[in-house]
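Q: I'm new to this one. Can you walk me through a few residues?
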Amino acid sequence: MFKEIQPAISLCNELDTWETTWEASEHPGKEFGKFKRTSGKFFNDEEKDKGIQTSEDFRFYALSRKFPAFSNKDKPLVIQFRVKHEQNIDCGGGYVKVFDSSLSSKELHGDSPYLIMFGELLSRSNYCVQLVRVLCLVGTCTVFSRYMYCV
């Protein structure tokens, strides 16, 4: 027996307007690369399959967007994104991180404290999908589980 689900969507971005709705970090000390909107090297429909792509090798990338506050109390939380790797790289990855609303987008960097993080990690020898869940108690966050699946 199946139950119909009526999801509440807090953020669904079609990426057509990403340059005006997402904000790039300007945190000092890192060489941030630029994003571009493209369908990439392979696609089904060139216009419909466009997404945001990193454009420079050996750079850090940090892009964020605020969304309305929500609660998933007693409900599952689903966060999803798609990634298409077109390079044959030795090491890299892409992550989605959910931050506290007090984070300044311009100050975002790799060590910014997050509430949830997941994504893929590429290395020379394998491909891993990593999920890190974080427990937050009164402003202090502690990792309480980390899952990694490698092939």
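This is a predicted model: local features need pLDDT of at least 70, side-chain atom pairs count only at pLDDT 80 or more; totals for chains, interfaces and linings use all residues.

Q: Where does Phe-67 lie?
A: Phe-67 is in the loop between β4 (63–64) and β5 (92–98).

Q: Which residues make the nonpolar surface patch of about 320 Å²?
A: Phe-67 is one of them. Leu-11, Phe-70 and Leu-77 are the others.

Q: New topic. Which loop holds Phe-58?
A: The loop between β3 (51–54) and β4.

Q: And what is the phi of Phe-58?
A: Positive, about 55°. Phe-58 is not a glycine, though.

Q: Is Phe-58 buried or exposed?
A: Exposed, because its relative accessible area is 79% and the cut-off for exposed is over 50%.

Q: Now Ser-105. Buried or exposed?
A: Ser-105 counts as buried, because its relative accessibility is 10% and buried means under 20%. Ser-105 is in the loop between β5 and β6 (116–122).

Q: What is Ser-105 in contact with, leaving aside neighbours within four places in sequence?
A: Glu-23, Ala-24, Ser-25 and Ser-64.

Q: Last one, Asp-45. Where is its place?
A: In the loop between β2 (35–38) and β3. Asp-45 is partly exposed, with a relative accessible area of 31%.

Q: Which backbone nitrogen lies 2.9 Å from a polar atom of the Asp-45 side chain?
A: That of Lys-48. The backbone nitrogen of Glu-47 lies 3.1 Å from a polar atom of the Asp-45 side chain.

Terms used
Residues are numbered from 1 along each chain as its sequence is written. Side-chain values use heavy atoms; hydrogens and water are left out. Patches are made of residues with over 30% relative accessible area and no salt bridge: like charges are joined within 9 Å, nonpolar side chains (Val, Leu, Ile, Met, Phe, Trp, Tyr) within 5 Å. Accessible areas come from the Shrake-Rupley method with a 1.4 Å probe; for residues, only the protein chains shown count as cover. A salt bridge is a side-chain nitrogen of Lys or Arg within 4 Å of a carboxyl oxygen of Asp or Glu. Helices (H or I, at least four residues) and strands (E, at least two) are DSSP runs, numbered from the N terminus. Buried means under 20% relative accessible area, exposed over 50%, partly exposed in between (1.4 Å probe, protein chains only). Contact means heavy atoms within 4.5 Å. A polar contact is a pair of N or O atoms within 3.5 Å; within protein, one must be able to donate a hydrogen and the other to accept it, and residues adjacent in sequence count only if both atoms are side-chain atoms.
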